[in-house]
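Thanks, everyone. I have one structure to walk through this morning, so let's get it up on the screen.

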Amino acid sequence: MLDPKLLRNQPDDVATLLAHKNYQLDVIDFKNLEKKRKKIQIDTETLQAERNAKSKQFGRMKAAQEDTAQLKKTLDVMSQQLKQAESELDMLKKIIENKELDIPNIPHKSTPIGKNETDNHIIKHWGTPHAFDFDIQDHVALGKLYGLDFEAGSKLSGARFTVMRGGIATLHRALTQFMLNLQIKQGYEECYTPYLVHENALKNTGQLPKFEIDLFKIQTNNETQAHYLIPTAEVPLTNLAANKILDLAQLPIKLTAHTPCFRSEAGSYGRDTRGMIRQHQFDKIELVQITHPDESFSALEEMLCHAENVLKALNLPYRVAALCSGDLGFSAAKTYDLEVWLPGQQKYREIASISNCTDFQSRRMQTRFKNMTGKIELVHTLNGSGLAVGRTLVAILENYQTNEGHIHIPTALQPYCNGLTILK
């Protein structure tokens, strides 16, 4: 969440910045709530001080064996008044906190200003899309030849689920192992995490309460708290540092994990429903860094390179976009998208997002560190894909197809494919 002091002291400035993210902050409402909070808090503190003074008086009178009956009645009344005032203050603080949880992060000054994805800035191209001299097929048509079975997935689980068999399953596994190994070589610690998390973990990283409709919620009979299937390994990896005060020497922390990701894709009906582009379940290699605040934006550039290296090793043409303010995710202050070339669609499609969330998540998680002077500060958190496995599989099928419908396996993947060099 945003710094409450910033919201209290500079609500108009915050509102201006959030407007760039297409979020309208109700400044008048916040000012009124804050005014009310201040009054109740002052009244509560004044009442507390008065009761404390009378409690001391009561002690002196009792020690002197004076009549304390009337004073005791007064203290009882004041205690009830204080209890009511504290309850009202706590309730108001909770209302303010719930409103704060719905407010997105502020765009960083280096983020381009814009309304939507059409205003994103393309900052780099790598590789040249292959010019095919035959009629190409998209991944759906190619996948049917090699074990990509959308019909079986639909029968088992419904729309937007997929079954992979044979060569496709081998290629998917090979991609996972290759990507994970590459990120380990680039300095990330491999982790294995639960695929189910409690509500607090999702609040900490910003998926709850605002985006509950996008999650799969599981309520079991013997659990008082619901579980959610993770939408990304960002959630468990980042939460490994929740409620901790880290030593400066521990930073930066670099973590990676391969997990399935589960998303309801609410509101996306009719968009990218063909094939594997937008699934309810897909695999991803996640990258997370927890850094010193002064180093988070250099870490963002580093993480972008780490994700790019996957596409370079696979020789897949791509471009990098700096997302504009209106296209940023809820928790992000700055984001880069990696977009891979898909011949079947004749366009670049997102395959990874790399984001700096600054102290937005760490304030929710209370993840801090001791700086050089011993002062406690909030860390910065970053996350990204390295990469989305399914979309990378789509890119390989379409970019490495032959006139005969065969699929060449990229050289970097061949050691993971049991000797296969081509799918026929």
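Start at Gln345. Leaving out residues up to four places away in sequence, Gln345 touches Ile277 and Glu398. Keep in mind that this is a predicted model. Where does Gln345 sit? In the loop between β12, residues 334–342, and β13, residues 347–356. Is Gln345 buried, partly exposed or exposed? Its relative accessibility is 28%. Buried would need a value under 20%, and exposed one over 50%. So Gln345 counts as partly exposed. One distance for orientation: the C-alpha atoms of Gln345 and Gln183 are separated by 29 Å. Along the chain, Gln345 and Gln183 are 162 residues apart.

Zoom in on β10 and β16. Strand β10 covers residues 281–291, and β16 covers residues 380–388. The two run antiparallel, joined by 7 bridges. For one example, take Thr291: its bridge partner in β16 is His380.

On to the nonpolar cores. The largest has 52 residues. Which residues have the most contacts inside it? Leu171, Leu338, Leu387, Ile396 and Leu413. Helix α7, residues 166–185, supplies the largest share of this core, with 8 residues.

Setting aside neighbours within four places in sequence, its contacts are Leu393, Ile396, Leu397, Ile409, Leu413, Cys417 and Leu423.

Last topic: charges. How many salt bridges does the structure hold? The count is 14.

Pair one is Glu34 with Arg8, where the closest N and O atoms are 3.8 Å apart. Glu34 is in helix α3, residues 27–63, while Arg8 is in helix α1, residues 4–9. The two residues are 26 places apart, and the pair links distant parts of the chain. Their accessibilities fall in separate classes. Glu34 is at 10% relative accessibility, so it counts as buried. Arg8 has a relative accessible area of 37%, so it is partly exposed.

Pair two is Asp12 with Lys31, at 3.2 Å from N to O. Asp12 lies in helix α2, residues 11–19, and Lys31 in helix α3, so this pair ties together parts 19 residues apart in sequence. Asp12 has a relative accessible area of 42%, which makes it partly exposed. Lys31 is partly exposed too, at 40%.

There is also a network here. Salt bridges that share partners join Arg8, Glu34 and Arg37.

Pair three is Glu286 with Lys284. Here the closest N and O atoms are 2.4 Å apart. Are these two residues buried or exposed? Glu286 is buried, and Lys284 is buried as well.

That's my tour. Over to you.

Key
Residues numbered from 1 in each chain as written. Predicted model: local features only at pLDDT ≥ 70, side-chain atom pairs only at ≥ 80, totals over all residues. Heavy atoms only, no water. Helix = DSSP H or I, 4+ residues; strand = E, 2+ residues; numbered from the N terminus. Buried < 20%, exposed > 50% of the residue type's maximum accessible area, 1.4 Å probe, protein only. Contact = heavy atoms within 4.5 Å. Core = buried A, V, L, I, M, F, W, Y, C linked by side-chain atoms within 4.5 Å. Salt bridge = Lys/Arg side-chain N within 4 Å of Asp/Glu carboxyl O. Pairing = 2+ DSSP bridges.
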